[in-house]
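I opened this model to look up a few local features. My entries follow the order of the look-ups.

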Amino acid sequence: MMAATPAANAEGENMQGDELKSKLKSQLDFEPQQNQDEASRQLKLSPEDKAWWQDAKFGMFIHWGLYAIPARGEWVMHNEKIPAEEYAKLADEFTPQKFDAEEWASIAREAGMRYMVLTARHHDGFALWNSPSSYGDFCSAKTAARRDFVAEYTKACRVAGLGVGLYYSPMDWRFPGYFKPKELADNAALMKQQGYGQVEELMRDYGKIDILWYDGGWLAHHGSDADAAWFWEPIKLNTMVRKYQPKVVISPRSGWEGDFKCDEGGHAVSGPIKDTPWEKCLNLNMSSWGYNTHQNLMKLDDIIRMLVNVVGRGGNMLLNVGPDRDGVIPAAHIERLKETGAWLERYSESIYGTRPGPFQPVDNYYCSTHKGDVVYVHVLDWRGTDTLALPPLELKIISCELLTSGETAFTQSDQEIKITAERQDHAEPVAIIKLQLRPAGASRQNSSESKSITGATRMIAQDPYQPSWESFQKDYQCPQWFRDAKFGIWAHWGPQCEPGASDWYARHMYMQGSWQYNYHVEHYGHPSEFGFMEVIHRWKADKWEPEKLMELYKRAGAQYFVAMANHHDNLDMYDSQYHAWNTVNVGPKRDIVGIWEKVARAQGLHFGVSNHSAHAWHWLQTAYGYDAEGPKAGVRYDAAALTKEDGKGKWWEGLDPQELYTGPTIKMPDGITSIKEANEWHEANTRPWMEHAPENNPQFTENWYLRCQDLVDKYHPELVYFDNFGLPLGQAGLDITAHYYNASLQWNDGKMEVVVNGKQLQPEQRAGVVEDHERGFCESIMPEPWQTCTCIGNWHYDRGLSERNGYKSVEQVVHMLIDVVSKNGNLLLSVPMRGDGTIDEHEAAFLDGLADWMAINGEAIFGTRPWKLYGEGPTQVRSGMFNEGKTRFSAKDVRFTAKGDALYAFLLGWPEQKTVTIQSLAANSPNLQGVQIAGIELLGHDGALEFNNDEAGLQVQLPESKPCEHAVALKITLAE
């Protein structure tokens with residue numbers, strides 16, 4: 001046991017015997033039962049699957065239930081020996097009118113927390129959800145509250161972009177068999193049955209759960225979880241959990257060792273870096289976990305020092321709050337959490353996404369973290385001197401910066417590192433030193449590994465894919481889910497949607513004479529004074545309701561959902577470890593991709609991301625230009641002048657604008673004096689669609705790779721769309737594709753489950769990457785699966801287009817979908833979003849209309865394959881990109897799909913005559929060789945249709961009224 005701090009003693013003084021004893025097993029040096037059999041090993045998550053949790057670092061624990069009513073802590077029933085019948089009466093008083101899960105999530109986010117864990121059921125047996133397995137219906141949905149709090153909580157977490165954690169205690173004080181499991185075996189078995197049933201409910205009924213936090217796995221308050229494993233059978237229990245939640249991170253308290261270790265209580269953390277993932281859980285109110293009228297809050301300095309001590313030893317910190325009987329987190333708690341969040345906002349780079357080291361901690365002195373090429377040293381005590389001595393590093397320090405305040409300098413030798421700093425501001429709980437390192441042999445070669453500045457190796461996930469087209473073409477197989485899905489919806493959404501001024505705003509706002517430049521000057525000011533980074537700051541996404549949107553998308557038929565991870569504007573829309581210009585730090589200050597991912601998977605949709613940022617290095621160069629004419633002629637735009645130091649005291653303090661704008665790689669030369677000449681220069685120098693890596697900016701390519709690797713490793717997308725001809729940035733694109741393919745095999749037990757999209761591929765390349773045709777068709781059935789992507793309007797929200805109702809019609813999209821699917825393709829459709837996160841009324845009506853059509857005809861789309869020929873009719877299309885606008889189908893056009901013994905014939909309109917003839921299905925046609933038509937139905941119409949088949953074709957008698965608009969599907973049953 002580690003020595004207790006005064007905080008820990010304060011907790012202990014309020015505990016009674018059994019409670020205190022049950023806590024002893026929770027220290028970090030306690031070893032749970034080590035199950036070495038194969039079943040146990042298979043339960044453990046891979047390091048990749050736990051990486052998001054280790055990146056998150058800080059979470060909110062919430063102890064809340066009936067015990068909030070007496071307000072004397074969560075153990076009140078046991079400590080005060082309240083009979084179960086009397087305690088149950090508290091459920092009649094439990095009507096928390098002020099409970100607001102969204103408010104809880106908002107408080108957690110403002111505190112800098114990245115995940116939440118709610119006590120879905122504590123040891124008293126009261127369940128905070130609609131639990132059919134609950135003994136005696138002792139749950140919130142069947143008692144006075146009449147609410148499913150778990151449902152409200154999980155939804156709020158996902159919308160806020162927080163990891164969803166559920167605490168569950170299988171023990172139940174209401175059962176005498178808990179205290180005498182062998183003497184009262186039948187009663188204990190009933191408790192166990194309840195436990196299994198409730199865990200199954202939580203894992204099955206509430207979408208993707210990120211953390212399952214067991215507690216109370218011991219028996220009769222004696223021994224440990226491992227001692228009670230004979231009773232709970234944790235391998236069996238967690239095998240069931242993995243069936244529903246294969247990626248959930250499981251705590252060690254079920255009797256199985258779990259995915260991380262746990263250290264409970266406010267005692268100090270000391271010693272070296274831990275060699276396993278672990279979590280410190282402790283109380284903000286040191287009086288008790290559940291609500292207590294006696295308030296004894298941790299001080300801010302103690303919270304921060306505990307956090308850096310935990311993170312510097314490789315752990316996470318889970319800080320508990322106890323809402324009152326009304327569901328309200330006490331105001332003093334909220335204020336302390338806000339203070340914590342303010343500190344984290346200033347110094348987040350030294351906490352989130354880091355790993356411990358490279359320096360071993362020195363108790364009460366310092367500890368360190370690292371991320372990418374940077375080391376952060378958290379100094380708790382300068383020990384009366386202005387000099388900090390650190391052990392030597394093999395790698396060279398490029399720069400040394402004191403993040404908290406003051407100037408600093410360093411010397412580095414083979415024996416030690418000495419850092420000298422100004423006397424620290426004692427208002428800060430710790431001082432933070434940032435060391436930028438350079439590796440020996442810095443650049444990544446075309447091999448499977450590169451050395452990071454901290455001495456670790458960054459690997460391309462290994463075997464069987466090598467970073468070459470030859471390897472992809474030989475080994476890749478498109479996954480079944482993609483071939484079955486057929487239709488996806490894309491949120492092509494980012495800060496360029498904020499002005500509502502259509503596509504490529506971040507580029508064209510810097511091009512004098514463009515309508516977007518004029519719009520920008522009128523609404524925001526001159527781009528030398530108000531650049532694109534200020535547009536990002538304006539973008540708050542304050543009306544975004546992702547769950548409601550995802551419900552619309554699913555109803556409209558989407559089988560997969562794709563979130564834009566970044567565009568050519570170079571802003572990462574996710575919690576990006578290697579790029580500070582991301583939406584967690586700026587703009588919405590939310591993990592947009594992470595939220596989309598949770599919401600999409602909760603709806604059962606496959607999840608993908610689109611990555612467009614490989615073009616930022618040339619596309620954004622307009623930001624370094626200037627007006628060629630007018631009163632500001634020759635005045636360069638903001639990117640040309642701004643440095644990191646200019647941000648002092650501003651909203652972007654600590655951020656380097658050059659990292660956003662990518663640096664002046666192709667800078668517009670001085671001396672251009674006309675708009676026409678400036679546009680011609682950009683057209684020749686910055687506009688060409690260049691796929692090679694920039695020779696004079698190798699850091700961009702290296703950083704792009706790391707950002708993309710972080711994206712796929714963190715969110716495990718099933719599709720990555722590259723907005724590139726071929727693959728991006730030469731070898732870097734091959735490297736990341738190999739990493740992604742190999743990682744998929746690791747994530748999915750050796751099964752290939754991911755798709756990479758690239759454009760304008762060579763024919764032989766289509767076997768290794770799924771080709772995408774932007775706004776285009778294919779003229780025939782393609783041998784390999786493919787995709788077309790299009791938008792009902794422009795890619796970024798265009799207010800003017802909406803106002804003149806210029807969107808594609810449902811009919812246009814339906815016809816395109818049918819033609820694409822008949823030729824072995826998928827359709828990925830973007831529905832533009834306003835900057836605030838909403839869609840307009842025309843788009844909502846479009847989705848409703850598409851949903852109506854899909855409800856009738858989806859059977860003939862999803863899970864189908866091309867038939868012997870794609871169809872017949874007068875309308876022919878040509879293969880290529882950007883040719884969709886020239887194509888209009890008619891009722892004379894027929895397209896085929898097939899599934900099982902069904903052949904579907906789509907009529908792309910409702911014929912004027914009620915007898916339709918399909919020549920491709922004539923009686924003597926080789927297309928029907930070996931089969932005959934056994935019957936014909938019309939989807940959406942009850943009853944079989946009359947038909948005749950002769951040498952002229954298949955004649956089908958249609959009903960008087962059509963079952964739907966736009967296109968109808970004949971279901972033709974074939975028999976041998």
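I worked on a predicted model, where local features need pLDDT of at least 70, side-chain atom pairs count only at pLDDT 80 or more, and totals for chains, interfaces and linings use all residues. Residues are numbered from 1 along each chain as its sequence is written, and side-chain values use heavy atoms, with hydrogens and water left out.

**Gln194.** I found Gln194 in helix α10 (residues 185-205). Helices are DSSP runs of H or I with at least four residues, strands are runs of E with at least two, and both are numbered from the N terminus. Gln194 counts as buried because its relative accessibility is 2%. Buried means under 20% relative accessible area, exposed over 50%, partly exposed in between (1.4 Å probe, protein chains only). I then checked its neighbours. Leaving out residues up to four places away in sequence, Gln194 touches Arg121, Ser133, Ser134, Tyr135, Tyr168, Asp172, Arg174 and Phe175 (heavy atoms within 4.5 Å).

**Helix α4.** I looked at residues 47-56 next. Eight of the 10 residues of α4 are buried, so the helix is largely enclosed by the rest of the structure. Among them are Trp52 and Trp53.

**Strand β19.** Which residues cover each face of β19? Phe487, Ile489 and Ala491 lie on one side, Gly488 and Trp490 on the other, and all are buried. I noted that side chains in a regular strand alternate between the two faces of the sheet. β19 pairs in parallel with β26 (residues 825-830) over four bridges; pairing needs at least two DSSP bridges. Trp490 stands opposite Ser830 there.
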